[in-house]
Structures are given as C-alpha cells and as structure tokens.
Amino acid sequence: MTIFEKIIAREIPATIVHEDDLCICFHDISPQAPTHLLMVPKKRIVRVGEAEAEDKETLGHLLLMAQEVARNEGFLESGFRVVINNGSDGGEAVPHLHLHLLARRKMSWPPG
Ligand code: 5GP
C-alpha cells in the first residue's frame with residue numbers, strides 16, 4: 001500500500017481540498033510553491049507509463065478536476081503548473097500516479 005492509498009483510506013491525515021468517486025486532491029507535505037496540491041486517482045494506476053486503455057476516463061477526469069480545483073482555490077486566472085513525474089529520471093518517488101498542481105509563484109523553464 002502506498003502513502004497515497006493510506007491517505008485515501010484515512011489511515012494517515014492530509015489536508016484534503018477535493019474528493020469524488022475517482023480522485024482525491026490534498027496539499028503536498030513538502031510544498032515547492034506557495035500552493036502545492038497533489039491530485040491522485042483512487043484506483044492505483046502506478047504511473048503514466050503503466051496506464052491502460054480502461055484508465056482513459058480517470059486520466060481525463062484528473063485534468064478536468066485540476067481545472068476545477070484551480071478555480072475553487074482561486075488560481076485558475078493567475079495560472080498554475082501541472083507536473084507528472086514518471087519513473088527514475090522523471091523524479092518519481094511515490095509509485096501511484098499523481099498530478100502536482102503548483103501555483104502562486106512564477107515558474108521557470110526548463111524545469112530542473
Ligand atoms: P513524486 O516525487 O513521486 O512526483 O511526488 C511525491 C510527492 O508526495 C512529493 O512532493 C512529496 O512531498 C509528497 N508526499 C510524500 N509523502 C507524503 C505524505 O505523507 N503526505 C503528503 N500530503 N504528501 C506526501
């Protein structure tokens with residue numbers, strides 16, 4: 001069981017800002033921006049590289065929920081960055097797909 005499944009199961013606490021049938025969104029424990037949220041599917045898709053055709057609805061839902069959370073949390077207009085780290089070179093630490101939503105500071109490019 002990953003740390004995110006424990007958060008979904010309420011076995012460990014998190015500051016949750018959105019939850020529905022398919023996903024949950026909560027604050028990252030180690031924020032890299034003034035607002036740093038994680039959007040996680042309840043079904044454990046390990047990473048983008050292991051997603052399957054049957055995950056299509058969940059994957060689309062995550063992006064639309066990112067938009068909804070950005071609107072609800074008040075950073076839709078100012079902008080935000082969505083990041084998915086995939087595998088070793090991608091910097092993935094938790095093997096359960098998650099979108100990082102980073103907001104309320106100017107992001108640079110290219111990413112580190
Ligand atoms: P990754 O590097 O896999 O893309 O991102 C994993 C993220 O999970 C990191 O940003 C890290 O700070 C966050 N994280 C790790 N453990 C916990 C935890 O117990 N609670 C919360 N809210 N975030 C966590």
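Asp55 touches Lys43 and Ile45, when residues up to four places away in sequence are not counted and contact is taken as heavy atoms within 4.5 Å. The place of Asp55 is in the loop between strand S3 and helix H2 (56-73), where helices (H or I, at least four residues) and strands (E, at least two) are DSSP runs numbered from the N terminus. With a relative accessible area of 3%, Asp55 is buried, a word that stands for under 20% relative accessible area, while exposed is over 50% and partly exposed lies in between (1.4 Å probe, protein chains only).

The model is a predicted one, in which local features need pLDDT of at least 70 and side-chain atom pairs count only at pLDDT 80 or more, whereas totals for chains, interfaces and linings use all residues. Residues are numbered from 1 along each chain as its sequence is written, and side-chain values use heavy atoms, with hydrogens and water left out.

Helix H2 also holds Met65, which is buried at a relative accessible area of 10%. Leaving aside neighbours within four places in sequence, Met65 is in contact with His18, Asp20, Cys23 and Met39; of the pair Met65 and Asp20, the C-alpha atoms are 9.5 Å apart in space although the two residues are 45 residues apart in sequence.

A search of the whole structure finds 0 disulfides, a disulfide being a pair of cysteine sulfur atoms within 2.5 Å. Cys23 is in no disulfide, and the nearest cysteine sulfur, that of Cys25, is 7.5 Å away. Cys25 is likewise in no disulfide, with the sulfur of Cys23 as its nearest cysteine sulfur. Cys23 counts as buried at 0% relative accessibility, and Cys25 is buried with a relative accessible area of 0%.

Asp28 lies in the loop between strand S2 (23-27) and strand S3 (35-41), and its relative accessible area of 15% makes it buried. Apart from neighbours within four places in sequence, Asp28 is in contact with His36, Leu37, Leu38 and His100. A polar atom of the Asp28 side chain lies 2.8 Å from the backbone nitrogen of Ser30. The C-alpha atoms of Asp28 and Met39, which are 11 residues apart along the chain, are separated by 9.6 Å.

Asp28 also belongs to the largest pocket, which is lined by 33 residues, with Asp28, Gln32, His36, Asn85 and His100 nearest its centre. On a 1 Å grid over the protein atoms alone, a pocket is an open set of points with protein on both sides within 12 Å along at least five of seven lines, a cavity is a set of points where a 1.4 Å probe fits but cannot get out, and lining residues have an atom within 4 Å of a point. The largest pocket holds about 770 Å³ of space, a volume being the space filled by probe spheres set on the points, with grid points joined across faces, edges and corners. Its lining has 16 nonpolar, 12 polar and 5 charged residues, where Ala, Val, Leu, Ile, Met, Phe, Trp, Tyr, Cys and Pro count as nonpolar, Asp, Glu, Lys and Arg as charged, and the others, Gly among them, as polar.

The count of cavities of 30 Å³ or more comes to 1. Residues lining the largest cavity include Val46, Arg47, Ile84 and Asn85.

Conventions: A polar contact is a pair of N or O atoms within 3.5 Å; within protein, one must be able to donate a hydrogen and the other to accept it, and residues adjacent in sequence count only if both atoms are side-chain atoms.
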